[in-house]
Amino acid sequence: MKPASSSANDLAPDLRAAAESVLRDGETLQAFVEGAMRARIEHRQFIARGLASAEEARRTGVYYTAEEVLAELRAKLDKARAAKPK
């Protein structure tokens, strides 16, 4: 891996122009670039977790059906809703 020390000012002129053309009112190029980086990092972390989970399933032979996963998520949601102050 090479160290990254670039900023919004280091963009190629055509890429910078394209990014500036889609900025929202009041949004800076730096904020746009930071948001894009955060989204990309989250995406890569999501992929890494999925690959690690798949490897763990292959290693252990333990797999879960979609129904099991959804039931667990529903239980967590129900618990969170019950704990929410009214």
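Glu20 is partly exposed, with a relative accessible area of 38%. Keep in mind as you look at this residue that you are viewing a predicted model. The partner of Glu20 is Arg16: the two form a salt bridge in which the closest N and O atoms are 3.2 Å apart. Where do Arg16 and Glu20 sit relative to each other along helix H1? They are 4 residues apart in this helix, which covers residues 13-21, so about one helical turn separates them. Arg16 also counts as partly exposed, because its relative accessibility is 25%, and partly exposed residues are those between the 20% limit for buried and the 50% limit for exposed.

How many salt bridges does the structure hold? There are 5 of them, including the one between Arg16 and Glu20. Let's move on to helix H2, which spans residues 29-60. Glu55 and Arg58 both lie in this helix, 3 residues apart, or about one turn, and their side chains meet in a salt bridge. Arg59 and Glu56 are also both found in helix H2, again 3 residues apart and about one turn of the helix from each other. These two residues form a salt bridge as well.

| Salt bridge | N to O distance |
|---|---|
| Arg16 and Glu20 | 3.2 Å |
| Glu55 and Arg58 | 3.3 Å |
| Arg59 and Glu56 | 2.8 Å |

Now look at how open these side chains are to their surroundings. Glu55 has a relative accessible area of 44%, so this residue is partly exposed.

Is Arg49 buried or exposed? Its relative accessible area is 53%, so Arg49 is exposed.

**A pocket and a patch**

Glu56 turns up again in the lining of the second largest pocket. Which residues line this pocket? They are Ser53, Ala54, Glu56, Ala57, Thr60, Val62, Tyr63 and Tyr64. By type, the lining divides into 5 nonpolar, 2 polar and 1 charged residue. The volume of the pocket is about 160 Å³.

Val62 and Tyr64, both part of that lining, also belong to a nonpolar surface patch. Val69, Leu70 and Leu73 complete the patch, which has an area of about 490 Å². One of these residues, Val69, has its place in helix H3, which covers residues 66-83. Why does Val69 count as partly exposed? Its relative accessibility is 40%, and this value falls between the limits of 20% and 50%, so the label partly exposed applies.

Terms used
Residues numbered from 1 in each chain as written. Predicted model: local features only at pLDDT ≥ 70, side-chain atom pairs only at ≥ 80, totals over all residues. Heavy atoms only, no water. Patch = residues over 30% accessible without salt bridge, like charges linked within 9 Å, V, L, I, M, F, W, Y side chains within 5 Å. Areas by Shrake-Rupley, 256 points an atom, 1.4 Å probe, with all protein chains shown as cover. Salt bridge = Lys/Arg side-chain N within 4 Å of Asp/Glu carboxyl O. Helix = DSSP H or I, 4+ residues; strand = E, 2+ residues; numbered from the N terminus. Buried < 20%, exposed > 50% of the residue type's maximum accessible area, 1.4 Å probe, protein only. 1 Å grid on protein atoms, 1.4 Å probe; cavity = no way out; pocket = protein on both sides within 12 Å on 5 of 7 lines; lining within 4 Å. Points joined across faces, edges and corners; volume = space filled by probe spheres on them. Nonpolar A, V, L, I, M, F, W, Y, C, P; charged D, E, K, R; others polar.
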